Amino acid sequence: MHLSTVLPTLTPLFLAARVNARQADGNNCSLPNDSIRWEPCVINGDQPADCGKLLVPLDYSNVTAQDKIDISIVRIPAPIQPSKAGIYLNFGGPGAAGITEFAEFLPRLQAATGNNHDLINVIPRGTNDTITFSCYEDPVSRRFGTEPIAGNASDVATGALWARASLLAQNCGMTQNETGRFVGTVSSATDTVRVAELLEEDQMLRFWGMSYGTLLGETLAALFPEKIDKMLLDGVVNPFDYYQNIEVSFMASIDDTFRGFCTGCVNAPQECPLARNNTAEQLEQSVFDFLDRLKENPIPLADPSVVGGGILIDYSFAKTYILSQLNFPRLWPDMADMLDMIMTLQLTGAVPPDAGDLIEGILSLTQMAGSGGDESQFGIKCGDVIRGNQPLEEVVPIFEARQELSYFGDSADQVLAYCAQWQLPAQPVFDGVFSSEGIRNPILIVNNRFDPATSLINARNVSETFEGSVLLEQNSYGHTSLVQGSLCTALAIRAYFASGELPPAGTVCEGAVPLFSGSDGWPEVIQMLASNATLP
């Protein structure tokens, strides 16, 4: 059942105690008693949905102020009606509105949750049309202002990326100084609770967070434990490291994931020409050699239609590309084709006769890099950081620790550098203690064994933090359970949202299909769920 009437709301005293005890102002007046304004809509071109708007305070640390904003909500009703309580989703980022992901992953989400829950996405602040966070006036400036620089690209790369990061931080400080402090995770968490209060009969939250969405979930658990009925954390961020801007352990699985790519490739040479009769170890080394040669010999691809007259496939670009593709095993055949083509270009200088589409793909990828339309990822993540104004000498040891942990450890140095120099700290600021005390049901944690973006180490640490939680390990590759299907995992998720049932501690679920099989396993899992399949 959906309630558009006004339900009892949080008072400023309750909110202030939850979001920042130091900023409680003692005013005993309610938040705006606005109901959600719904209208039919279509997302991602063809998916019918309900789209809503809700008026909320711009600044939750000063809810008596006159400044208000409309937040956006997308709801897809359950296929089986009457529906059970809604499940609230966050697809990560930070900086992703989640609208495209909502439509793309909808069959998986519905199947895993039983097809009888409304699915709801409260669009995070800083994304889509909710306080758009943009630090550049045009795509050309954005592309060059956010062009990737890997820390090991040269002996002067660290200084260059630090200076470039300073430019971006200053640009954002100048262009976003009016609203840029109000896109932080605490504000989005409070928005989510507010929506659940209005929509749910019991005013409780059932939440499935993926990637950064797990950080949002962890923050919800810290600030609003009494409002949480069930919580699934999928692809887990370490909240302590995130808020301190000292993230290292999240990279612990990258090299093993890349090794899995190489193994999957040589085991399916008909699907992966890059294999070229190599062993997995030989293939891995050949890619590393290719990347090292790019440091002094970038590959130029001319195209008058591209800003700058073409692109350079250099060490930073290629390494960043590989790291981003490791998140999605279904894209590994395409990545293998791309690497095969550019490695051939590097060694022979000759473009393969059938490489036109691949070259166009590289050009398209480069045009897209750094031109996503805004800098919301940095506005949210960097604003959240508690430790601001870090000098370079404090950050270098974190760079070094990442590089020691993974060959690809220098591929995300820029974000760390942005946040170390950020000028727009979030308001309200996070001032909570991570605990599961007060939550109605223990938390379910899911993490792939080989997740290049959120390592299994993170998931174990978070599980130890939230007493009573259970970690389900999925023996597969990629970032979150949505990218590699597992009947075992899907059944566990369904049971959890149905009744709060947790899998036994130490449960390991296998993926549904092998790598380079042409499927990510989810069509098979959805079919098995539809036939009421159970584990053997």
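Reply: Start with Thr-480, which sits in the loop between strand S11 (470-477) and helix H18 (487-499). Keep in mind that this is a predicted model.

Me: What is phi of Thr-480 near?

Reply: Phi of Thr-480 is near 80°, a positive value in a residue other than glycine. Most residues other than glycine have a negative phi.

Me: Is Thr-480 buried or exposed?

Reply: Thr-480 counts as buried because its relative accessibility is 6%, and the cut-off for buried is under 20%.

Me: Which loop holds Phe-516?

Reply: Phe-516 is in the loop between strand S12 (508-510) and helix H19 (522-530). Phi of Phe-516 is also a positive value, near 55°. Phe-516 counts as buried, at 8% relative accessibility.

Me: OK, peptide bonds now. What kind joins Gln-81 and Pro-82?

Reply: A cis peptide bond, with omega about 0°. Most peptide bonds are trans. Pro-82 lies in the loop between strand S3 (68-76) and strand S4 (84-90).

Me: And what about the bond from Gly-93 to Pro-94?

Reply: That bond is cis too, and its omega is near -5°. Pro-94 is in the loop between S4 and helix H2 (99-104).

Me: Let's zoom out. How many helices and strands does the chain have?

Reply: The chain has 19 helices and twelve strands. It has 536 residues, and 58% of them count as buried.

Me: What share of the contacts comes from residues 24 or more positions apart?

Reply: Such residues account for 75% of the contacts in the chain with a separation of 6 or more.

Me: How many residues are in the largest nonpolar core?

Reply: The largest nonpolar core has 122 residues, and Leu-220, Phe-261 and Ile-322 have the most contacts inside it. Helix H12 (residues 332-348) gives the largest share of this core, nine residues. There is also a second, separate core of 37 residues, with Ile-99, Val-446, Leu-472 and Leu-529 among them.

Me: Back to Leu-220. What is it in contact with, leaving aside neighbours within four places in sequence?

Reply: On that basis Leu-220 is in contact with Ala-189, Val-193, Leu-205, Phe-207, Pro-225, Ile-228 and Met-231. Leu-220 is also one of the buried residues of H7.

Me: How many residues of H7 are buried?

Reply: Twelve of its twelve residues are buried, so H7 is mostly covered.

Me: How far apart are the end C-alpha atoms of helix H7?

Reply: They are 17 Å apart. At 1.5 Å a residue, the twelve residues of helix H7 (residues 212-223) should span 16 Å, so the two values agree.

Me: New topic: Pro-239. Where is it?

Reply: Pro-239 is in helix H8 (residues 239-244). Pro-239 is buried, with a relative accessible area of 1%. Leaving aside neighbours within four places in sequence, Pro-239 is in contact with Leu-215, Glu-218, Phe-434 and Val-462.

Me: How many residues apart along the chain are Pro-239 and Phe-434?

Reply: They are 195 residues apart along the chain, and their C-alpha atoms are separated by 8.4 Å.

Me: And Val-415, which helix is that in?

Reply: Val-415 is in helix H16 (residues 413-420), and it is buried with a relative accessible area of 17%. Not counting residues up to four places away in sequence, Val-415 touches Gln-377, Phe-378, Lys-381 and Cys-382. Val-415 and Gln-377 are 38 residues apart in sequence, with 9.2 Å between their C-alpha atoms.

Terms used:
Residues numbered from 1 in each chain as written. Predicted model: local features only at pLDDT ≥ 70, side-chain atom pairs only at ≥ 80, totals over all residues. Heavy atoms only, no water. Helix = DSSP H or I, 4+ residues; strand = E, 2+ residues; numbered from the N terminus. Expected span 1.5 Å × (residues − 1). Buried < 20%, exposed > 50% of the residue type's maximum accessible area, 1.4 Å probe, protein only. Core = buried A, V, L, I, M, F, W, Y, C linked by side-chain atoms within 4.5 Å. Contact = heavy atoms within 4.5 Å.
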